[in-house]
Amino acid sequence: MHDSSELKSYITTPDRIGFNQSFTGLVKGFAVFTVLLLFWMVWIILSAAFPAIQAFGLGFFLSQTWDVNALVFGALPYIYGTFATSLIALIIGVPVAIAVALVTSETFLPNWVRSPLAAMVEIVAAIPSVIIGLWGFFILIPFLDPVQLWMFKTLSWMPLFGTEPIGGQGGIFVAGVILAIMILPTIATISRDVLTALPADLRSASRALGATHWETLFRVVLPTAAPGILGAITLGLGRAMGETMAVTMVIGNSPQFTVSLLNLGATIPSILANQFAEALDALHIGALMYLALALFGLTLLVNIAAVMIVKTLEQR
Amino acid sequence: MQINSEERLDLETSLPVKRQIFSYGMTAIVIILTALAILPLFSILFSILQQGLPQLSWQTFTSLPAPTGMVGEVDGFGNAIVGTAIMVGIATLMSVPIGVLTAIFLAEFSQGSVIANFVRFVVTILSGVPSIVVGVFAYGVIVISTKEFSALAGSFALAVVMLPIVVLSTESALLLVPKAQKLASAGLGATRLQTTVKVVLASALPGIMTGILLAIARAAGETAPLIFTALFSDNWFDTLLSPTSSLSVLIYNYISSGFVEKYNMAWTAALVLLGLIMILNISARLLTRKKP
């Protein structure tokens, strides 16, 4: 792949050798520093979480009580909130993102409509999450209140929709919707790149056999692009799990465990954002660090999975 | 294969209605979903302009926040703009040299080697670490040891957020430099340092600047790494070791204040912050477009 002769072609006269070697050393040193940064991060968070790990062990993740005054901490409400909001985001976001990827890469619309569309979708990714949270708080929550009420009225026989929504306060479902909006650009943009990179022969062959445009998309194009789209979805999931501000501003931040999606809830990032600045007790800080460690581990796993999926795709 | 001759001759009728409906139906569905996908963008831009513009004046940029609950006072967030500028500036000074040198290592000094692949893997993982976790890290490194929320801790957190963006974008800019240029430089007797600085970095500069501007835009909008590192302050920037306000944390704090005037100022701050980020994004894109 790489031609090593290039590296040997540099002429080094004696007076420059020292200077050059120190430059090479410098560059290597910074690369090593960047790698160490990740391990430093793990070490700092792990050692700060240690008091809580010792006190609560793995039972931390199954316990529902979070009482700052009694110094009893359990992570279940936040774990549930994190997974519930991320799943809602995927359920809503993935079909829309694939639709956007198809519209911006296929020829349903003329090119002068498609390129601005693609640019607009990418702009959403550049908006800071605190601004999306601001919008969510004042615009999205009132907009979704009737939707939530309708869901409660028709689906309340399911525990997932079993509590009456509190008007104007948001909750787990609203947080899921806002996450869907935020991860949509990530999934749509990567999926579009995957779709446009497919060889044109595939489509031509399918169309030549008499398949319509949509039959080609469903039976040839999308199955071929599936691994890449899966990688994009995994990246989106990682982003959804770690997203903090927008979620914090619309989820209500209740430490009470609840199954119902219409209730107020909290995620790991939202409880960190909410309590860290005020945490004074070592065990409270430790419990928050333990939560941060869990979030770190979860997103690490998801992101490594995404990198692996993309890598196997590149090798094919 | 047996082909039914009657069907084979039937070349002039159009597609069966079922397949036609499926095609038109699916096209309609994806176009409607796409329209739905960009609806939030318009709603966000419209509401920010509608709610944020009325309070925007020169004083907004030059004065301190009015005391909460006081109506009719001169209200602004000049200190938050200064705070954001200082913290993002320091973060840029910390992350750009490290990031660019790491990228030089990846692109020029160790292409294809196991170490380079590992470094790239770690940087990719680093770019996926949630920014709140970076905040927790900065809290553990700086706030716990100095026992003070500070601009320094905030800058450190922002630098960690920026670093992977700078590395990955600089590396891809460096890889675009044609190999012939490097060989020509080496052929003329330039050392590795000279080639890297005068040929590779020089011609990759627009691409590197694009990456840096995008990283700055990202850092300027970050809130999660700042809420418990830099915290917030109602006064002008004091020292690097004292709590410092920023535009993003101001928006977050004002939402939980419960006062209508503060809500309005949060919208105005959002307008200013979004304007700043859009300018950074657009200039980043213009830089690479103007490539000779």
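Reader: How many residue pairs are in polar contact across the interface of chain A and chain B?

Author: This is a predicted model, in which local features need pLDDT of at least 70 and side-chain atom pairs count only at pLDDT 80 or more, while totals for chains, interfaces and linings use all residues. Residues are numbered from 1 along each chain as its sequence is written, chains are lettered from A and ligands numbered from 1 in the order in which they are written, and side-chain values use heavy atoms, with hydrogens and water left out. A polar contact is a pair of N or O atoms within 3.5 Å; within protein, one must be able to donate a hydrogen and the other to accept it, and residues adjacent in sequence count only if both atoms are side-chain atoms. By that rule, and with both residues at pLDDT 80 or more, the number of pairs across the interface of chain A and chain B is 8.

Reader: Which residues form the salt bridge between chain A and chain B?

Author: A salt bridge is a side-chain nitrogen of Lys or Arg within 4 Å of a carboxyl oxygen of Asp or Glu, and the count between these two chains is 1. The closest N and O atoms of the pair are 2.8 Å apart, and the residues are A:Glu215 and B:Arg19.

Reader: What area do chain A and chain B bury between them?

Author: Taking contact as heavy atoms within 4.5 Å, 82 residues of chain A touch 83 residues of chain B. Buried area is the accessible area (1.4 Å probe) that two parts lose on being put together, summed over both. Carbon and sulfur atoms account for 82% of the area here, and the total is about 7500 Å².

Reader: Which element gives the largest share of the lining of the second largest pocket?

Author: On a 1 Å grid over the protein atoms alone, a pocket is an open set of points with protein on both sides within 12 Å along at least five of seven lines, a cavity is a set where a 1.4 Å probe fits but cannot get out, and lining residues have an atom within 4 Å of a point. The second largest pocket is lined by 20 residues, and A:Leu140, A:Val177, A:Ile181, B:Leu36 and B:Pro40 lie nearest its centre. Helices (H or I, at least four residues) and strands (E, at least two) are DSSP runs, numbered from the N terminus. With 6 residues, the largest share of this lining comes from α6(A).

Reader: How many residues of the lining of the second largest pocket are nonpolar?

Author: Ala, Val, Leu, Ile, Met, Phe, Trp, Tyr, Cys and Pro count as nonpolar, Asp, Glu, Lys and Arg as charged, and the others, Gly among them, as polar. The lining has no charged residue and 1 polar residue, and the nonpolar count is 19.

Reader: Which element gives the most to the lining of the largest cavity?

Author: Among the residues that line the largest cavity are B:Leu126, B:Val161 and B:Arg218. Helices α5 (114-128), α6 (131-146) and α7 (151-175) of chain B each supply at least two residues. The element that gives the most, with 3 residues, is α7(B).

Reader: Where does B:Leu231 lie?

Author: B:Leu231 is not a glycine, yet has a positive phi of about 55 degrees. Its place in chain B is the loop between α9 (192-221) and α10 (247-255).
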